Amino acid sequence: MIEISLKRLGAGRMTAAMVEKQPTGMRDLLARQVIFALVVVLILAISASLTIGPIKIPVLDVIQHYLINLLSGSEESLAGINLRDWIVLSEIRLPRTLLGALVGSALAVSGAVMQGLFRNPLADPGIVGVSAGAGLGAASLIVLGGTTLAPIVSIFGIYALPLAAFGGGLCSTWLLYRIGTRGGVTSVATLLLAGIALGAFAGAITGLLVYVADDQQLRDLTFWGLGSLAGASWEKVFAAAPLICTTLFLLPILANGLNALMLGEAAAGHMGVRVQRLKNISIIMVAAASGASVAVSGGIGFVGIIVPHLLRLTIGPDHRYLLPASALLGASFLIATDTISRTIVAPAELPIGILTAFVGAPFFLWLLLRKRGLSSF
Amino acid sequence: MENTALKPQQISKNSPTGSLEAFGLEVGYNRAPVIKDLSFVAEPGLFHTILGPNGSGKSTLLKALTGELSYSGRVTLNGESLSTIRAETLALRRGVLPQHTVLAFPLTVSEVVSLGVLRNDTVGTAKQRRNRIFEALGMVDLEGFEGRQYQSLSGGEQQRVQLARVLCQVWSPIAEDGSRRWLFLDEPVSSLDIKHQIQIMNIAADYARRGGGVLAVMHDLNLTASFADTVMVIRNGELKIMGSVAAVYKDEILSDAYDHDVQVSHVDGRSAPIVLARHG
């Protein structure tokens with residue numbers, strides 16, 4: 001009887017198939033559905049970010065005209081498009097939205113990888129001083145780029161800044177790992193303390209650089225501390241994209257190793273994971289992604305903690321799903337916050353770092369308090 | 001069960017398929033050797049156990065044999081040197097049950113066990129590999145626990161979940177190329193109640209009966225006597241004796257090994273001897 005009705009109802013049959021596919025306690029199917037939903041959310045966030053602003057732009061209309069002109073081989077590819085709309089869209093909003101997507105996914109994924117590596121949900125490039133190291137690298141280049149570090153700037157061009165931030169992030173991540181690890185065991189307490197010390201030290205040197213900086217450099221440096229996407233340009237998108245995209249595409253090779261690492265380093269080794277290699281790759285990837293995002297947007301905090309944590313609560317800690325889902329949600333989250341930050345006090349603009357901290361800090365506290373309440377964890 | 005005690009001197013260098021062998025094994029933390037010049041041959045198809053007092057080097061020995069600790073000397077599995085087997089390949093040849101496992105993030109029971117089904121294990125269909133999870137949970141008497149949070153389980157239940165995970169990793173005792181798989185167990189029953197102690201020992205013994213190798217560090221002398229095919233006695237990092245239960249379970253051998261007066265008794269209707277410690 002039930003079988004017949006299930007067969008008749010398409011939805012019922014789907015449920016039956018899902019039950020068969022999804023054994024108890026496994027969250028694969030849910031994770032896939034969530035990832036699909038996050039793709040939709042990202043598309044919506046991008047559309048909203050392109051549309052909303054001091055000037056309302058009919059984005060679909062513009063794109064439609066552009067594509068028709070392009071496909072019909074018309075010489076005037078912008079025919080029928082309001083020129084002002086086109087310029088605002090292509091020169092201001094599109095690079096800014098893309099930069100937001102890149103930075104948001106980089107921050108969220110860096111957080112997720114770092115938490116997996118350190119086996120702790122509170123690890124984050126911002127908290128353990130990696131971002132401060134990246135900031136120091138970038139500040140050095142801004143201040144000394146015209147003098148001492150001029151050769152680097154002439155060799156790497158627009159990539160000099162993200163590479164300097166990457167180098168700074170890599171150094172501090174590596175130092176942190178060396179300090180926090182004794183006999184193959186990483187002590188989280190040591191790690192956090194060392195991260196705070198390293199962050200303060202990097203901050204002090206950055207302070208010295210501020211002291212010797214001229215007016216223009218000072219303006220550039222101040223923008224760092226606040227964290228903002230306001231300076232977005234195609235140049236920045238192209239500068240950050242290679243490092244961040246490489247990291248995002250390489251993520252799948254980390255997922256199984258990080259999953260095994262949930263059982264501890266020894267058990268991961270027994271399961272065929274080359275733990276030291278996994279650590280090395282993870283550290284380089286975190287430094288690359290967070291370094292590049294710090295280089296183009298300054299210190300935007302808490303995205304790396306909130307996003308992976310929320311996702312772990314919904315789809316579980318399986319890194320095969322957690323990492324791509326973090327990238328998607330991180331991108332959407334930053335694009336959405338950026339849209340709010342540039343419209344809430346329009347025509348002025350609130351630095352996005354203030355907004356993410358405004359949401360993130362209470363969330364972080366809630367996380368700490370909630371953890372204390374759970375004796376089993 | 002043969003009564004001849006196998007002494008290290010009798011070991012030949014010709015390695016039959018599937019055996020686990022150590023020659024002149026030395027392991028040391030910070031140069032002080034914990035394991036000194038230890039050699040043995042363990043054949044698959046048997047349940048091997050390691051006994052010895054606390055701090056004698058049992059766990060260190062197991063860690064060296066599983067490749068977790070670096071060592072000098074030579075360890076071979078299936079005739080192949082442990083240090084030259086690729087990590088991914090080794091993971092399909094032997095599973096290791098640690099004493100304790102602390103999870104970094106909350107997982108459900110079936111998610112923990114599913115970690116044991118390795119991605120590079122291509123034997124059987126995906127569905128069959130997936131079904132292993134539930135079969136393994138059934139073997140350790142945890143049916144119906146699939147959706148439970150691992151963190152919410154008792155220590156003994158968690159240990160059984162971990163065993164199910166390890167069983168998934170080395171599912172069939174004989175690999176498709178004919179080589180034997182090994183189970184390394186570090187005090188597998190120390191946190192379990194008596195029913196589940198027997199159950200886990202039965203699983204290990206069954207794995208050996210089906211052709212796999214089992215090597216377990218044990219604490220409980222009586223449980224070991226009931227299930228083990230061979231017993232290695234380690235003291236101060238040295239292999240004192242390796243042999244069958246009948247050969248090793250003698251008053252003077254065990255008293256000497258544990259530095260305490262123990263008495264081995266035999267009870268009618270029970271094949272395994274019983275060990276009692278004198279006190280008072």
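Reply: His309(A) sits in helix α15 of chain A, residues 303-315 (helices are DSSP runs of H or I, at least four residues, numbered from the N terminus). This is a predicted model, in which local features need pLDDT of at least 70 and side-chain atom pairs count only at pLDDT 80 or more, while totals for chains, interfaces and linings use all residues. Residues are numbered from 1 along each chain as its sequence is written, chains are lettered from A and ligands numbered from 1 in the order in which they are written, and side-chain values use heavy atoms, leaving out hydrogens and water.

His309(A) counts as buried because its relative accessibility is 8% (buried is under 20% relative accessible area, exposed over 50%, partly exposed in between, with a 1.4 Å probe and protein chains only). Setting aside neighbours within four places in sequence, His309(A) is in contact with Pro121(A), Phe363(A), Leu367(A) and Arg370(A) (contact: heavy atoms within 4.5 Å).

Next, Arg312(A). Its charged end sits over the ring of Phe105(B), 4.2 Å from the ring centre (the rule asks for NZ of Lys or CZ of Arg within 6 Å of the centre and within 35 degrees of the ring normal).

Rings also pair with each other: those of Phe, Tyr and Trp (its six-membered ring) pair if their centres lie within 6.5 Å, and planes under 30 degrees apart are stacked, over 60 edge-to-face and the rest tilted. That rule gives three aromatic pairs over all chains. One of them is the stacked pair of Tyr66(A) and Trp86(A), 4.8 Å centre to centre with 25° between the planes. The two partners are 20 residues apart, and the pair links distant parts of the chain: Tyr66(A) belongs to helix α4 (residues 59-71) and Trp86(A) to helix α5 (residues 83-117), both of chain A. Tyr66(A) is partly exposed because its relative accessibility is 27%, whereas Trp86(A), at 19%, is buried. In chain B, Trp182(B) and Phe184(B) are stacked too, because their planes meet at 25° with the ring centres 6.2 Å apart; both residues are buried.

Helix α5 of chain A also holds Ile92(A), which is partly exposed at 49%. The C-alpha of Ile92(A) is 9.4 Å from that of Ala230(A), although 138 residues separate the two along the chain.

Finally, the second largest pocket has a volume of about 1,100 Å³. Its lining comprises 42 residues, with Asn256(A), Arg320(A), Val117(B), Leu118(B) and Arg119(B) nearest the centre (a pocket is an open set of points on a 1 Å grid over the protein atoms alone where a 1.4 Å probe fits, with protein on both sides within 12 Å along at least five of seven lines; lining residues have an atom within 4 Å of a point). The volume is the space filled by probe spheres set on the points, which are joined across faces, edges and corners. Helix α12(A) gives the most to this lining, seven residues.

Note on methods. Helix = DSSP H or I, 4+ residues; strand = E, 2+ residues; numbered from the N terminus.
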